[in-house]
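User: I'd like to go through this model and check what stands behind each label. Can you take my questions one by one?

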Amino acid sequence: MGHSAGLRAGTRYAFSRGFKKTGSIPLSTYLEQYKVGDIVDVVANGAVQKGMPYKVYHGKTGVVYNVTKSAVGVILHRPVGNRYIEKRINVRLEHVKKSRSREDFLRRVKANAAAKKEAKSTGNKINLKRQPAMPRGARTIKLGKPETITPIAYETTI
């Protein structure tokens with residue numbers, strides 16, 4: 001038996017809509033504003049076939065380089081052999097969402113800047129390096145009396 005090798009081969013689950021996510025697309029998807037330089041995630045929406053990215057780019061993160069009326073151009077890096085090649089794809093708005101990957105970094109930059117300013121004013125040194133999570137502290141577990149469990153004898157009542 002042959003195997004189909006079409007454009008959407010092997011995307012049965014990748015392009016399917018999630019539980020309770022079917023139906024019309026929310027208006028907020030279309031009202032989101034993208035600017036050149038924004039970091040976005042390319043996540044294909046199976047309800048819209050127009051402007052859908054190729055399956056290899058599904059779930060990838062890239063940078064917006066072009067914005068049009070109903071689509072955005074995204075720069076992605078695709079592994080080819082032993083190197084990464086920069087690829088530019090045009091994707092409709094339904095298949096793109098703003099990435100949250102830099103939120104933690106930006107929050108940390110602001111916190112570090114505030115800490116530096118505070119340390120400079122007080123005159124003490126500060127270590128801005130992130131520390132690994134330390135082991136959890138010791139604790140005591142109290143157990144009740146042990147209980148013996150025996151199976152109930154099988155009986156037939158007809």
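User: Where does S99 lie, in terms of strand 5 and helix 2?

Analyst: S99 is in the loop that runs between strand 5 (96-98) and helix 2 (103-122). Keep in mind that this is a predicted model.

User: Why is S99 called buried?

Analyst: The cut-off for buried is under 20% relative accessible area. S99 comes out at 17%, so S99 counts as buried.

User: What is S99 in contact with, leaving aside its neighbours within four places in sequence?

Analyst: I39, V40, D41 and T61. There's also a polar contact between the side chains of S99 and S101, at 3.0 Å. The limit for such a pair of N or O atoms is 3.5 Å, so 3.0 Å falls within it.

User: And S101, is that one buried or exposed, and how do you know?

Analyst: Exposed is the word for residues over 50%. S101 has a relative accessible area of 52%, so it is exposed. S101 is also found in the loop between strand 5 and helix 2. As for V36, it is 65 residues from S101 along the chain, and their C-alpha atoms are separated by 17 Å.

User: Why does G46 count as buried?

Analyst: At 18% relative accessibility, G46 is under the 20% cut-off, so it counts as buried. G46 is found in the loop between strand 1 and strand 2. Leaving aside neighbours within four places in sequence, G46 is in contact with F15, R17 and M52. From G46 to R12 it's 9.8 Å, C-alpha to C-alpha, with the pair 34 residues apart in sequence.

User: What is the phi of K20, and is K20 buried or exposed?

Analyst: K20 has a positive phi of about 60°, although K20 is not a glycine. At 72% relative accessibility, K20 is over the 50% mark, therefore exposed. Its place is in the segment before helix 1 (28-31).

User: How do you know that strand 2 and strand 3 pair?

Analyst: Two strands pair if there are at least two bridges between them. Strand 2 (residues 60-67) and strand 3 (residues 71-80) have 4, in the antiparallel sense, so they qualify. V67 stands opposite V72 in strand 3, and V63 stands opposite I75. A hairpin of 3 residues does the joining.

User: How many bridges join strand 3 to strand 4, and what sits in the turn?

Analyst: Strand 3 and strand 4 (residues 83-92) run antiparallel and are joined by 10 bridges. Their hairpin has 2 residues between the strands, and G81 in the turn has a positive phi of about 65°. V80 stands opposite R83 in strand 4.

User: What about strand 1 and strand 2?

Analyst: They pair in the antiparallel sense over 4 bridges. V40 stands opposite G62 in strand 2.

User: Which residues make up the largest nonpolar core?

Analyst: There are 12: Y34, V40, V42, Y57, V64, V72, V74, L76, I89, V91, L93 and V96. Strand 1 (39-42), strand 3 and strand 4 each supply at least two residues of this core. Strand 3 gives the most, with 3 residues. As background, nonpolar side chains tend to be buried together in soluble globular proteins.

User: What does V40 touch, leaving aside its neighbours within four places in sequence?

Analyst: V40 is in contact with Y34, K60, T61, G62, V64, V74, V96, K97, K98 and S99.

User: What makes K98 and Y34 a charge-over-ring case?

Analyst: K98 lies over the face of Y34, at 5.8 Å from the ring centre. The distance limit is 6 Å, so 5.8 Å falls within it. In another case, the charged end of R88 sits over the ring of Y65, 4.5 Å from its centre.

User: How many aromatic pairs does the structure hold?

Analyst: The count is 0.

Note on methods. Residues numbered from 1 in each chain as written. Predicted model: local features only at pLDDT ≥ 70, side-chain atom pairs only at ≥ 80, totals over all residues. Heavy atoms only, no water. Core = buried A, V, L, I, M, F, W, Y, C linked by side-chain atoms within 4.5 Å. Buried < 20%, exposed > 50% of the residue type's maximum accessible area, 1.4 Å probe, protein only. Contact = heavy atoms within 4.5 Å. Phe/Tyr/Trp six-rings, centres within 6.5 Å; stacked < 30°, edge-to-face > 60°. Lys NZ or Arg CZ within 6 Å of the ring centre and 35° of its normal. Polar contact = N/O pair within 3.5 Å; in protein donor to acceptor, adjacent residues only side chain to side chain.
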